[in-house]
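Colleague: Could you take me through this model? I have the sequence open beside it.
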Amino acid sequence: MWFTNYVWWLRTLSLQANPDCPFWLRMLGSNSVGSAVTNPLRSGSSASSRAVQWLQSASAEVWIKFVLALVGLGLAFAAALFSTVSRDSGNLWATVILASVSLVLATLVGLVTVPYLARRVAVERLRESFDYDVTRAGIIYVLVTLLIGIAALNTGNNLLYIVVAAMLAAIVVSGYVSALVLRYLELDIHLPEHVFAGRPVLGRIVLHNPRRIMPSFSIRVVSTRKKRKKPARQWQWESTTFAFPFNRPKEKQWLRLPDRRLRRVTLIPPSPGIFQGMAYFPFLAPKREATADLELKFDQRGRYREDGFGLATRFPFAFLTKTRHVSLTREILVYPRVEPTDEVFEILPLVRGEWESFVRGRGSDLYRIREYMPEDSARHVDWKATAKSGSLKVREFAREDERKLCIAFDNPEAGMISEAAYEKAVDLAASLAWHFSTREAELSFLIPGRPRTRDLHEFLAWLAVVKPVATEPSRNHAPGDPLRELGHGSSDEYNIVVTARARGTVPTPLWNSSYFVFVGAPQSKPV
């Protein structure tokens with residue numbers, strides 16, 4: 001009891017020194033699991049304040065629990081010894097009481113202290129989980145050690161025993177030092193905001209060593225994603241129904257009970273992660289951080305994700321490759337390709353020509369001087385140009401709002417076109433949007449199931465994850481049909497539509513204000 005009172009006295013002292021400490025620190029029997037990494041002690045503080053800070057730390061509670069467990073087990077062991085002495089002396093009641101006290105103390109320690117320490121160890125092991133891979137040099141070293149050990153057993157030479165002991169000690173030192181080098185390192189990954197498929201970008205890896213004295217050597221940052229190039233097969237339990245008789249229809253079976261069966265299924269290889277290479281840090285001083293730029297290149301659009309990274313080292317003797325897992329989730333969205341392909345170069349002159357024909361109107365800015373047409377008004381005749389050329393010339397003006405352009409991706413149904421043609425259509429829509437974003441135009445973008453937007457990167461983000469839509473019974477009258485939305489849009493807006501529909505299914509009024517890029521069909525000028 002004196003030890004418990006002493007512990008509570010120290011706790012009271014810490015609470016008086018800092019009354020704002022959290023409530024869970026006030027309870028000795030708290031079940032919360034803290035981190036042993038933090039060290040609140042300060043070199044410039046006094047001994048009493050450092051003691052108070054230590055009592056408020058998470059490590060103090062661990063040590064108190066550990067000491068209490070030792071005291072409880074010691075008292076239980078002493079009670080068991082005295083019960084044995086009482087039995088030998090013939091004192092029955094003393095034997096029963098002391099044995100019961102010993103059992104109760106051991107039970108209390110097992111129910112109160114051991115689970116807490118076990119959870120603490122489990123959390124720390126999860127946070128500091130390591131993988132071990134024996135290198136080729138390590139295998140050769142172990143074989144040489146075995147040979148020398150066999151020779152020592154056969155000859156009885158003490159010098160060989162000393163050599164074997166030194167070689168085995170080197171293996172132990174290698175494992176301990178490599179773990180010490182990796183422990184407490186902090187990792188951070190910085191990824192670019194906008195990434196396009198097929199274009200290399202740089203990702204930054206930041207490694208920080210928070211320790212005061214111990215440096216780190218030969219650190220590699222790697223991806224912990226398992227690489228499976230071929231589909232793997234494994235056994236899985238599936239829900240099923242046990243029916244009897246077996247060969248009868250469902251409604252004629254007498255017995256139907258829920259059941260489970262073991263079936264071998266094929267696992268699809270996961271999509272590639274963000275990092276395929278590694279970053280190497282030969283030396284990291286204490287209280288310092290180092291950075292490394294790693295080139296990233298993604299061949300396909302989509303969402304890429306890494307749920308964890310690894311810090312690996314072979315230091316000091318390269319017998320083992322020890323990898324510490326770091327739980328760090330990073331996700332990146334890769335836009336479609338916006339490269340100027342031959343198809344884009346073929347389409348752009350046609351699109352620009354149709355757009356220029358559409359924007360001709362009756363604004364205040366002169367568009368061009370052309371030949372007089374019967375439907376033209378006489379007030380637009382340019383008499384100076386007429387006098388010079390000898391034929392009637394009229395002034396044609398541009399609309400004041402001539403720069404309105406909408407780029408729409410008409411997402412086809414699943415199975416309408418091949419996967420390669422679908423990806424080509426997505427890349428084409430992204431390339432057109434990227435090209436016209438550099439022109440002086442008021443752009444808007446449209447995709448089925450999404451509201452109209454004027455943000456280019458938002459449209460590219462939609463295209464990055466878009467998939468063919470499920471088959472619908474009436475596709476031309478679907479609520480999310482972009483052609484219907486274009487038909488109800490502004491009459492002064494020109495539309496560029498990437499679609500996989502047949503030409504006969506396109507509404508006729510849209511031909512006058514739209515240019516259609518038919519996926520999988522030869523391009524021709526719209527009529």
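Modeller: The conversation below goes from the whole chain to single elements and residues.

Colleague: What kind of model is this, and how are residues numbered?
Modeller: This is a predicted model, in which local features need pLDDT of at least 70, side-chain atom pairs count only at pLDDT 80 or more, and totals for chains, interfaces and linings use all residues. Residues are numbered from 1 along each chain as its sequence is written, and side-chain values use heavy atoms, with hydrogens and water left out.

Colleague: How many helices and strands are in the chain?
Modeller: The chain has eleven helices and 20 strands. Both are DSSP runs numbered from the N terminus, with at least four residues (H or I) for a helix and at least two (E) for a strand.

Colleague: What share of the residues is buried?
Modeller: Of the 527 residues in the chain, 36% are buried. Buried means under 20% relative accessible area, exposed means over 50%, and partly exposed lies in between, using a 1.4 Å probe and protein chains only.

Colleague: And what about contacts between residues apart in sequence?
Modeller: Among contacts between residues at least 6 apart in sequence, 69% join residues at least 24 apart. Contact means heavy atoms within 4.5 Å.

Colleague: Turning to helices, how do α5 and α6 cross?
Modeller: The axes of α5 (residues 136-155) and α6 (residues 158-182) come within 9 Å and cross at roughly 155°. Axes are lines fitted to C-alpha atoms, for helices over the stretch in contact, and angles run from 0 to 180 degrees between N-to-C directions. The two helices are therefore roughly antiparallel to each other, a term for angles over 145 degrees.

Colleague: Which residues make that contact?
Modeller: On α5 they include Y141, V144, I148 and L153, and on α6 they include L160, V164, M167 and I171. The residues of this contact divide into 16 nonpolar, three polar and no charged. Here Ala, Val, Leu, Ile, Met, Phe, Trp, Tyr, Cys and Pro count as nonpolar, Asp, Glu, Lys and Arg as charged, and the others, Gly among them, as polar.

Colleague: Is β18 enclosed or open, and why?
Modeller: Four of the five residues of β18 are buried, so this strand is largely enclosed by the rest of the structure.

Colleague: Which residues stand opposite each other in this sheet?
Modeller: β17 and β18 pair in the parallel sense over five bridges, and I407 stands opposite F445 in β18. β19 (residues 494-499) and β20 also pair in the parallel sense over five bridges, with I496 opposite Y515 in β20.

Colleague: Where do antiparallel pairs occur?
Modeller: β2 (186-190) and β4 (residues 201-209) pair in the antiparallel sense over five bridges, and the bridge partner of E186 in β4 is H208. β4 and β9 (residues 288-296) pair in the antiparallel sense over nine bridges, where G203 has L294 as its bridge partner in β9.

Colleague: Which peptide bond is cis?
Modeller: The bond joining F315 and P316 is cis, with omega about 5°. P316 is found in the loop between β11 (309-313) and β12 (320-326).

Colleague: Where is A318, and what is its phi?
Modeller: A318 is found in the loop between β11 and β12, and A318 has a positive phi of about 65° although it is not a glycine. Most residues other than glycine have a negative phi, and most peptide bonds are trans. A318 is partly exposed, with a relative accessible area of 28%.

Key
Angles under 35 degrees count as roughly parallel, over 145 as roughly antiparallel, 65 to 115 as roughly perpendicular and the rest as oblique. Two strands pair if DSSP finds at least two bridges between them.
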